[in-house]
Structures are given as structure tokens and as C-alpha cells.
2 protein chains.
Amino acid sequence: MTDRGILIVLSGPSGAGKGTICAALRQQMPNLVYSVSMTTRAPRVGEEEGVSYFFRDKEEFKRLIEEDAFLEYAQVYDNYYGTPKQHVMDLLSEGKSVILEIDIQGAMQVKERFSEAVFIYIVPPSLDILSNRLRDRGTDAAEVIDKRLSKASSELALAHRYDYIVVNDVLPDAVEKVASILRAEACKIKRNKEKIQYIYKQYAK
Amino acid sequence: MTDRGILIVLSGPSGAGKGTICAALRQQMPNLVYSVSMTTRAPRVGEEEGVSYFFRDKEEFKRLIEEDAFLEYAQVYDNYYGTPKQHVMDLLSEGKSVILEIDIQGAMQVKERFSEAVFIYIVPPSLDILSNRLRDRGTDAAEVIDKRLSKASSELALAHRYDYIVVNDVLPDAVEKVASILRAEACKIKRNKEKIQYIYKQYAK
């Protein structure tokens with residue numbers, strides 16, 4: 001009576017706090033599986049094949065793109081990054097729920113290829129707060145931050161293509177909301193056909 | 001930026017534990033409003049108009065049925081019971097979420113009249129457990145229990161018309177699942193159009 005796992009797409013503008021929410025969820029829901037991405041960039045010290053990333057050369061990556069083997073992929077400067085479809089599908093078939101933490105463009109690609117996924121949009125409560133967060137991170141130059149902010153603004157227009165929106169104002173609240181969404185989705189009738197069938201048979205005895 | 005409240009229909013066979021779950025939710029989510037039913041039966045000692053029930057005579061109740069003023073209603077022996085539509089709609093407009101604890105037949109009536117409601121099916125883990133619970137309650141005769149059991153079996157076939165199913169195996173787990181569904185539903189994109197619009201305007205500044 002194992003129903004299929006759920007693919008959860010956690011997405012939102014850079015600085016929304018996706019990564020922090022994911023890290024907190026990892027603690028709270030140890031059964032969630034985090035998808036491993038594929039990349040053409042070289043492994044860094046300490047990175048492990050199949051754990052940090054699946055490392056492949058560009059030729060192989062491009063061949064896989066041709067074969068439609070990715071749920072989503074992107075070229076970032078000189079390298080490719082993507083989510084291998086088969087890897088995720090295998091986990092879902094085993095009844096495991098998989099979480100993907102990706103940007104808006106990636107999420108829109110997943111939407112086209114696997115619309116049954118659950119799409120959660122993480123949004124900072126205001127542009128000012130997003131701006132402060134990006135500055136506080138101290139990893140981006142001022143002009144990069146400006147680009148991210150204007151991108152965040154245009155990307156919010158895509159929120160209607162998602163299933164849920166979680167405003168990341170107070171972190172524990174946002175984490176609790178995402179966890180609630182996962183628990184609720186697991187109760188959806190459409191995800192429990194086998195369980196209902198099982199109970200029904202018991203009842204019909 | 002107040003979005004509309006959510007109408008939650010908590011339903012399931014007699015003995016599934018709807019009432020117990022509702023009572024626990026009341027503690028956990030004090031902002032939830034419990035719909036007040038209308039009835040033609042006489043008030044019992046201690047019952048208050050507008051709190052326990054709206055008490056009306058049969059003539060008035062029948063007139064309201066004619067006017068399609070109920071989300072659902074039923075005749076039980078010589079009396080009528082129903083959920084007044086306007087009362088619930090007013091609460092929802094104020095942004096309050098309302099919970100209805102009703103039987104399957106009632107839920108199916110609400111589904112026809114207000115399909116935007118969230119329908120949760122509470123189901124006991126097995127017929128044996130349901131049977132034990134009904135016996136332990138000690139309120140029904142053996143033949144009434146048999147009738148309830150066979151009704152529960154046929155009603156499970158209607159589960160596919162619901163949004164969620166919650167197996168009431170361990171009570172605190174079931175309560176947590178229902179609470180999660182409410183929190184998740186509040187994050188649905190379709191219920192946050194105004195909030196998204198508000199954030200969007202901030203961003204567009």
C-alpha cells in the first residue's frame with residue numbers, strides 16, 4: 001500500500017531564504033530526500049560523486065539534454081547544472097518524497113515536465129528586506145544585488161503558476177508552513193488511492 | 001489585504017472521531033470559528049440561541065429550505081437540522097475560517113453549493129476499530145451499530161469527492177494532520193491573491 005512519493009519544488013528569488021528553510025526541514029523531516037544535481041563543473045575539495053553532485057563532462061551533459069533527461073537545467077557561465085529526471089522518478093516510485101531547491105526558471109521547467117509536483121514559492125516579506133538580506137550576505141557586488149532585486153520583482157509575476165506561497169518573514173513560521181504543506185499534500189485523496197482501496201477492502205469484508 | 005476565510009468541512013462516518021478532532025483543534029487553533037447550526041428541536045436546558053443552535057420553528061425552517069438558505073440540511077426523525085449559508089458566508093467575508101463538522105450526506109450537499117470549501121474525510125483505520133469505538137461509546141444498540149458500519153462501508157466510496165483523507169489512528173497525529181491541512185490551505189496561491197498583489201506593489205516601487 002505504498003503510494004508514490006511527492007516531488008516538492010521549493011523555489012523563489014535569490015535571498016528569499018530557500019536554502020535556510022531547506023536546512024531546517026532536513027532536521028525536522030529526516031525522511032525527505034534531497035535531489036542531487038548534475039553538473040559539468042569540476043569537483044571541489046571534499047565534494048563526492050552522487051552526494052554533492054553527479055559530475056559529468058559537457059559532452060555527456062549535452063547528450064542528456066538531447067535525450068530530455070533533465071527535469072530542469074541551466075547553463076551558468078561556462079558550466080551546466082541540472083536535475084536528472086530518472087534519479088528523481090526512481091525515488092518517487094519507491095514512495096520517497098523528494099525536495100528540489102531551485103530558482104524560478106528551473107521551477108517553470110519542472111512545471112512543464114512534471115506538473116504533479118508541488119510548487120512552493122518562497123517570498124521575502126518586502127523588497128527592502130530582500131535588499132538588506134542580499135547586502136548582509138556580503139557575497140554580491142552592489143550591481144549584482146540590483147540585478148537580483150529587479151529580477152525578483154519580475155519573477156513575482158510568475159507566482160500564480162505555483163501551488164503555494166510562503167512569506168519568509170519569521171524563519172520558524174516559514175519552516176512550519178512548508179512542513180505543513182508537505183504533511184497536507186501527503187493527505188490528498190489523489191495521493192492515497194492505494195490506502196483508500198486497502199481500507200475499503202477491510203470495510204467490505 | 002484580507003483574503004477570504006476558508007470553509008473547512010470535516011466529515012466522515014459516525015465513530016470516526018470527528019468530534020474529538022474538532023475539540024482538539026479548538027484548543028490548538030483558537031481563531032477557527034465553529035459554524036452554528038439551525039434546528040427545529042426545542043432548546044435543552046443550558047442551550048443558548050445563536051451559540052448552541054439557532055432555534056427556529058418548522059414553518060420558518062421549511063421556508064428557508066425553499067429559499068436555498070442552507071449549505072446543507074437534514075431531517076432527523078421529526079426535526080430539521082441545517083447549516084445557514086448566510087451566517088457562514090459573512091464569517092468568510094470577514095476573513096475568518098469556519099469549520100463544519102458534518103456527516104457525509106451533509107458534506108456532499110455543501111460540495112454542490114460551495115465547492116471552494118476544503119473537504120476532509122476522517123476515516124477510522126479499520127472496520128474492526130470503528131466497530132469497537134461505536135460499542136465503547138455505549139450509546140447505540142447493536143442493530144444501530146450494524147447499520148452504522150454498513151453505512152460507513154458504502155460511504156467510503158464517496159472519499160474520492162473529498163480533497164483530503166485523514167486516517168484517525170493515533171488522535172494527536174490526526175489532529176496535527178488536520179491542523180497542517182488548514183495551515184497549508186492558507187498558503188494556497190489562490191487564497192493569497194491580495195497578499196501577492198500587496199507584495200508585488202512593494203516590489204514594483
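## Terms and model

A residue counts as buried when its relative accessible area is under 20%, as exposed when the value is over 50%, and as partly exposed in between. Ile129(A) has a relative accessible area of 31%, so Ile129(A) is partly exposed. The structure described here is a predicted model.

Ile129(A) belongs to helix H5 of chain A, which covers residues 127-137. Leu171(A) is 42 residues away from Ile129(A) along the chain, and the C-alpha atoms of the two are 13 Å apart.

## Where the two chains meet

Chain A and chain B touch each other through 35 residues of chain B and 35 residues of chain A. Together the two chains bury about 3100 Å² between them. Of this area, 72% is on carbon and sulfur atoms.

Polar links are also found between the chains. Eight residue pairs are in polar contact between chain B and chain A, counting pairs with both residues at pLDDT 80 or more. On the side of chain B that touches chain A, two or more residues each come from helix H5 (127-137), helix H6 (142-155), strand S9 (164-167), helix H7 (171-186) and helix H8 (193-204) of chain B. H8(B) gives the largest share of this side, with seven residues. By type, the residues on this side of chain B are 23 nonpolar, six polar and six charged.

## Salt bridges between the chains

How many salt bridges are there between chain B and chain A? The count is two. In one salt bridge, Glu176(A) pairs with Arg183(B), and the closest N and O atoms are 3.0 Å apart.

Glu176(A) has a relative accessibility of 26%, so Glu176(A) counts as partly exposed. Arg183(B) is at 21% and therefore also counts as partly exposed. Which residues are linked with this pair in a network of salt bridges? The network consists of Glu176(A), Arg183(A), Glu176(B) and Arg183(B).

## The nonpolar core

The largest nonpolar core has 48 residues. The residues with the most contacts inside this core are Leu25(A), Ile120(A), Leu25(B) and Ile120(B).

Which residues does Ile120(A) touch, leaving out those up to four places away in sequence? They are Ile8(A), Val9(A), Leu10(A), Ser11(A), Tyr162(A), Tyr164(A), Val166(A), Val178(A), Ile181(A) and Leu182(A).

## Asp68 in both chains

Most residues other than glycine have a negative phi. Asp68(A) is not a glycine, yet Asp68(A) has a positive phi of about 55°. Asp68(A) is placed in the loop between helix H2 (58-66) and strand S5 (70-76) of chain A. With a relative accessibility of 38%, Asp68(A) counts as partly exposed.

In chain B, Asp68(B) has a positive phi near 55° and is likewise a residue other than glycine. Asp68(B) sits in the loop between helix H2 (58-66) and strand S5 (70-76) of chain B. The relative accessible area of Asp68(B) is 39%, so Asp68(B) is partly exposed.

## Salt bridges within chain A

Over all chains, the count of salt bridges is 28. One of the salt bridges in chain A joins Asp68(A) and Lys85(A), with the closest N and O atoms 3.5 Å apart. Lys85(A), at 23% relative accessibility, counts as partly exposed.

A salt bridge also joins Arg63(A) and Glu67(A), and here the closest N and O atoms are 2.5 Å apart. Glu67(A) is at 47% relative accessibility, so Glu67(A) counts as partly exposed.

Technical notes:
Residues are numbered from 1 along each chain as its sequence is written. Chains are lettered from A and ligands numbered from 1 in the order in which they are written. This is a predicted model: local features need pLDDT of at least 70, side-chain atom pairs count only at pLDDT 80 or more; totals for chains, interfaces and linings use all residues. Side-chain values use heavy atoms; hydrogens and water are left out. Contact means heavy atoms within 4.5 Å. Buried area is the accessible area (1.4 Å probe) that two parts lose on being put together, summed over both. A salt bridge is a side-chain nitrogen of Lys or Arg within 4 Å of a carboxyl oxygen of Asp or Glu. A polar contact is a pair of N or O atoms within 3.5 Å; within protein, one must be able to donate a hydrogen and the other to accept it, and residues adjacent in sequence count only if both atoms are side-chain atoms. Helices (H or I, at least four residues) and strands (E, at least two) are DSSP runs, numbered from the N terminus. Ala, Val, Leu, Ile, Met, Phe, Trp, Tyr, Cys and Pro count as nonpolar, Asp, Glu, Lys and Arg as charged, and the others, Gly among them, as polar. A nonpolar core is a set of buried Ala, Val, Leu, Ile, Met, Phe, Trp, Tyr and Cys residues joined through side-chain atoms within 4.5 Å. Buried means under 20% relative accessible area, exposed over 50%, partly exposed in between (1.4 Å probe, protein chains only).
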